[in-house]
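I opened this model to look up its fold, its sheet and its pocket. My notes follow.

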Amino acid sequence: MSAPVQIEIEYCQGWGYKSGADALVERLCDDVAALEPEHCALNPGRTGSFEVKVDGKLVHSKLEGGKSKKPANSEAEYCAIRDAVEKK
């Protein structure tokens with residue numbers, strides 16, 4: 001059996017993005033049967049950041065792509081993240 005998928009979310013603590021990170025983890029765990037909260041690492045990071053990695057691969061970047069701060073609130077961005085998780 002393969003190892004569980006690992007998700008890392010770097011968020012800007014100063015701008016209050018932790019709530020978006022929490023919401024993303026909750027929604028992913030609801031939608032992806034094999035995903036558990038312990039597979040998700042939430043890390044305070046750079047100013048303005050909301051970066052999501054799935055098994056080390058960057059799949060969402062607010063810093064690089066001007067994406068929304070809370071991809072759980074943008075359906076297209078959320079679906080791209082969910083699809084990356086489900087492919088693992």
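**Helices over the sheet**

I started with helix α3 (residues 75-86), which lies across β1, β3 and β4 and runs at about 165 degrees to β4. Angles run from 0 to 180 degrees between N-to-C directions, with axes fitted as lines to C-alpha atoms, for helices over the stretch in contact. Contact means heavy atoms within 4.5 Å. Helix α1 (residues 18-31) lies across β1, β2 and β3, at about 160 degrees to β1.

The model is predicted: local features need pLDDT of at least 70, side-chain atom pairs count only at pLDDT 80 or more, and totals for chains, interfaces and linings use all residues. Residues are numbered from 1 along each chain as its sequence is written, and side-chain values use heavy atoms, with hydrogens and water left out.

**Overall fold**

I counted elements next. The protein has three helices and four strands. Helices (H or I, at least four residues) and strands (E, at least two) are DSSP runs, numbered from the N terminus. Along the sequence the pattern reads β-α-β-β-β-α-α.

I then checked contacts between residues at least 6 apart in sequence: 62% of them join residues at least 24 apart. Of the 88 residues, 38% count as buried. Buried means under 20% relative accessible area, exposed over 50%, and partly exposed in between (1.4 Å probe, protein chains only).

**The sheet**

In what order do the four strands stand in the open sheet? I read β2-β1-β3-β4, with mixed pairing. β2 (40-44) and β4 stand at the edges with a single partner strand each, so one side of each has no neighbour in the sheet. The twist averages 20 degrees from one strand to the next. Two strands pair if DSSP finds at least two bridges between them.

I looked at β1 (residues 7-11) in detail. Five bridges join β1 to β2, and the two run parallel. Within this pair, I7 stands opposite C40, and E8 stands opposite A41. β1 is mostly covered, with four of its five residues buried.

**The hairpin**

β3 and β4 pair in the antiparallel sense over four bridges. K53 stands opposite L58 in β4. The two strands form a hairpin with two residues between them. I noted D55 in the loop between β3 (50-54) and β4 (57-61). D55 has a positive phi of about 50 degrees, although it is not a glycine. D55 is partly exposed, at 37% relative accessible area.

**H39**

Is H39 buried or exposed? H39 counts as buried, because its relative accessibility is 12%. H39 lies in the loop between α1 and β2. Leaving aside neighbours within four places in sequence, H39 is in contact with P4, V5, Q6, I7 and A34.

**The pocket**

Last, I looked up the largest pocket. Its volume is about 200 Å³. A pocket here is an open set of points on a 1 Å grid over the protein atoms alone, where a 1.4 Å probe fits, with protein on both sides within 12 Å along at least five of seven lines. Grid points are joined across faces, edges and corners, and the volume is the space filled by probe spheres set on the points.

The largest pocket is lined by 12 residues, with A3, P4, V5, A34 and K88 nearest its centre. Lining residues have an atom within 4 Å of a point. By class, the lining has eight nonpolar, two polar and two charged residues. Ala, Val, Leu, Ile, Met, Phe, Trp, Tyr, Cys and Pro count as nonpolar, Asp, Glu, Lys and Arg as charged, and the others, Gly among them, as polar.
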